[in-house]
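Biologist: I am new to this structure and would like to go through it slowly. Could we take it topic by topic?

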Amino acid sequence: MASTDTTPKVAAKGKTDDLAGLEAGLDALDAIETHRTPVREVLVQKVLPPLLAVGLVLLVWQILVAAEITDETKLPALSAVWDSLADMWNKGTLLEVIWTSVSRGLLGFLLALAIGTPLGLIVARVKFVRAAIGPILQGLQSLPSVAWVPPAVLWFGLNDAMMYTVILLGAVPSIANGLVSGIDQVPPLFLRAGRTLGATGLRGARHIVMPAALPGYLAGLKQGWAFSWRSLMAAEIIASSPDLGLGLGQLLENGRNNIDLPGVFLAILLILVVGIAIDLLIFSPVERWVLRSRGLLVKS
Amino acid sequence: MATTLAKAAEGTVAEQHAHAARIEHVSKSFSGPAGSQLVLDDISLDVAPGEFVTILGASGCGKSTLLNLVAGLDKPSAGSIETPGGRPSLMFQEHALFPWLTAGKNIELALRLRGVDKAERRPEAERLLELVRLGGAYGKRVHELSGGMRQRVALARALAQDSQMLLMDEPFAALDAITRDVLHGELTRIWEAANTSGSAGNLSVLFVTHNVREAVRLAQRVILLSSRPGRIAKEWTVGIPQPRRIEDADVAELSLEITEHLRGEIRRHGQH
Ligand SMILES: Nc1ncnc2c1ncn2[C@@H]1O[C@H](COP(=O)(O)OP(=O)(O)OP(=O)(O)O)[C@@H](O)[C@H]1O
Ligand SMILES: [Mg+2]
């Protein structure tokens with residue numbers, strides 16, 4: 001191992017740092033300016049397009065009705081659906097029906113959250129458990145949750161327990177799988193950086209793995225909500241009984257039994273609107289906030 | 001980078017060790033589909049307390065592998081590595097800052113994992129940001145910072161570990177020349193300050209690069225690694241006094257000499 005010495009030469013004087021000024025300049029050039037999009041822009045870019053689309057659908061609907069493509073027993077007039085809505089509102093049952101379903105859906109979702117989260121953690125972190133139930137958990141996601149209604153009815157009868165069972169069987173796999181894939185996608189660099197900082201074991205899970213897996217977990221929650229809502233509607237449609245209280249699913253089924261087509265359309269629209277509204281009001285803002293704070297949301 | 005605060009947290013006083021890192025006959029091989037590949041072969045290297053050493057070598061010669069071994073992220077296949085000053089801190093080639101935390105909180109996490117009291121974390125984080133001349137960046141998200149600022153926050157976070165040894169894996173490779181130049185100045189200043197401030201502990205740096213001028217600009221000692229397998233090919237002691245500039249004549253002169261050796265190393269592989 002040869003070692004070569006270079007003779008120290010006299011250090012040039014006046015070389016003392018003039019880098020500070022340079023540095024400030026670089027920072028000023030580099031700093032990314034963030035600005036909020038003005039409200040008007042948001043309205044034009046985000047709110048207007050979907051409103052136009054909905055308006056267009058309603059317009060086409062009304063044109064089809066006016067052209068009398070089919071008779072009223074196949075396609076009700078918009079006004080008839082509107083009348084059904086006004087009727088329910090006047091009787092004071094509208095909010096009650098919506099609340100029955102929404103409260104069931106949200107409570108079921110919270111239960112699914114409480115079960116799916118630890119389940120996902122265990123599946124992601126314990127090799128044996130993953131090998132044992134990982135594939136089953138993934139397979140369950142493709143099983144339509146309506147399939148669980150008959151067994152749930154046989155197990156519990158026509159009551160709330162049966163509803164929640166169907167919701168759980170629909171939503172728990174989505175939530176657990178979302179967490180598992182969130183954890184799987186944590187960049188190894190973060191884990192290594194965490195280890196050099198001393199975050200191992202439980203501390204690593206808490207400070208590195210969980211926050212890093214949050215975006216995947218949130219995506220799982222969003223999907224979990226969609227599954228909860230769908231499962232609940234399936235349960236309500238199939239297993240309608242006076243003891244259960246009137247939810248949106250039962251409203252739909254009653255419409256069919258009474259050959260009340262406007263009522264059926266109204267129920268479908270309400271189910272759709274409520275499902276979307278919960279997603280837009282709760283899940284999307286949280287997800288956007290998380291993604292934006294990490295710079296993962298590209299403004300277009 | 002030892003602070004009185006850090007020492008109080010650890011309950012010990014920085015002791016002087018004979019070396020900051022002792023790497024003895026370390027070999028490392030990876031087993032892949034095409035059999036086992038020897039990446040590092042019989043590396044022996046001592047880093048003295050307070051010393052600044054750069055490791056220079058062609059791409060793929062095993063520099064990162066060596067740093068990972070010293071950092072304890074991986075185990076050597078043979079030989080031993082001691083770091084008597086405790087677990088070294090490691091600065092990755094990519095900044096490796098956590099995007100879910102602000103710049104300040106990234107540093108505070110390092111402090112927290114080191115066991116610093118809650119009340120002391122914030123002022124200490126601000127002091128470290130000040131040290132890398134990023135006083136106003138405490139509440140900034142990682143994606144709001146430029147590449148150079150990210151590397152500086154990463155440096156501050158590494159310093160927050162208050163280890164006696166700083167491992168740096170091509171930390172400035174992705175930066176433009178002027179920013180890199182600025183950060184060389186910062187690093188030299190911080191390293192010198194840590195080693196001259198009386199009672200404070202030593203800070204040794206093991207800095208990996210494939211840029212010859214950068215190696216000469218920074219180091220007291222330059223180690224050249226050969227490729228496949230990585231062995232220590234040659235070693236230079238750099239006597240040029242700091243502050244140096246990357247464009248200095250004596251830096252250029254030594255760089256030229258080392259580059260010749262590096263070329264020779266690479267050429268050797270083309271001969272068969
Ligand atoms: N985990 C691994 N498994 C198998 N082979 C590996 C592994 N890590 C590194 N290697 C191999 O070891 C060799 C050295 O890799 P290393 O990353 O240490 O190189 P390097 O000197 O840091 O290169 P660069 O300058 O490009 O960063 C490479 O040939 C690489 O393919
Ligand atoms: Mg490397």
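Predicted model: local features only at pLDDT ≥ 70, side-chain atom pairs only at ≥ 80, totals over all residues.

Modeller: Residues are numbered from 1 along each chain as its sequence is written, chains are lettered from A and ligands numbered from 1 in the order in which they are written, and side-chain values use heavy atoms, with hydrogens and water left out.

Biologist: How many helices and strands are there in chain A?

Modeller: Helices (H or I, at least four residues) and strands (E, at least two) are DSSP runs, numbered from the N terminus. Read from that end, the elements of chain A run β-α-α-α-α-α-α-α-α-α-α-α. The count for chain A is therefore 11 helices and 1 strand.

Biologist: Is M163(A) buried or exposed?

Modeller: M163(A) is found in helix α7 (residues 160-184) of chain A. Leaving out residues up to four places away in sequence, it touches R104(A), L232(A), A235(A), E236(A), A239(A), L244(A) and Q250(A), where contact means heavy atoms within 4.5 Å. Buried means under 20% relative accessible area, exposed over 50%, and partly exposed in between, with a 1.4 Å probe and protein chains only. Because its relative accessibility is 0%, M163(A) counts as buried.

Biologist: How far apart are the C-alpha centres of the two domains of chain A?

Modeller: Domain bounds come from an automatic or database domain assignment, which for chain A gives domain 1 (37-74) and domain 2 (76-293). In chain A, 8 residues of domain 1 are in contact with 8 residues of domain 2. The C-alpha centres of these domains of chain A lie apart by 28 Å.

Biologist: What is the distance between the C-alpha centres of domain 1 and domain 2 of chain B?

Modeller: The assignment for chain B gives domain 1 (2-88 + 163-268) and domain 2 (96-162). Their contact takes 23 residues from domain 1 of chain B and 18 residues from domain 2 of chain B. The distance between the C-alpha centres of these chain B domains is 23 Å.

Biologist: Which helix gives the largest share of the lining of the second largest pocket?

Modeller: On a 1 Å grid over the protein atoms alone, a pocket is an open set of points with protein on both sides within 12 Å along at least five of seven lines, a cavity is a set where a 1.4 Å probe fits but cannot get out, and lining residues have an atom within 4 Å of a point. The second largest pocket holds about 540 Å³ of space, and of its 18 lining residues the closest to its centre are V54(A), L58(A), L269(A), L270(A) and V273(A). Domain 1 (37-74) and domain 2 (76-293) of chain A both give residues to this lining, so the pocket lies between them. The largest share, 9 residues, comes from α11(A).

Biologist: How much space lies in the second largest cavity?

Modeller: A search of the whole structure finds 3 cavities of 30 Å³ or more, with grid points joined across faces, edges and corners and a volume being the space filled by probe spheres set on the points. Residues lining the second largest cavity include A193(A), T196(A), F92(B) and R157(B). The space in the second largest cavity is about 60 Å³.
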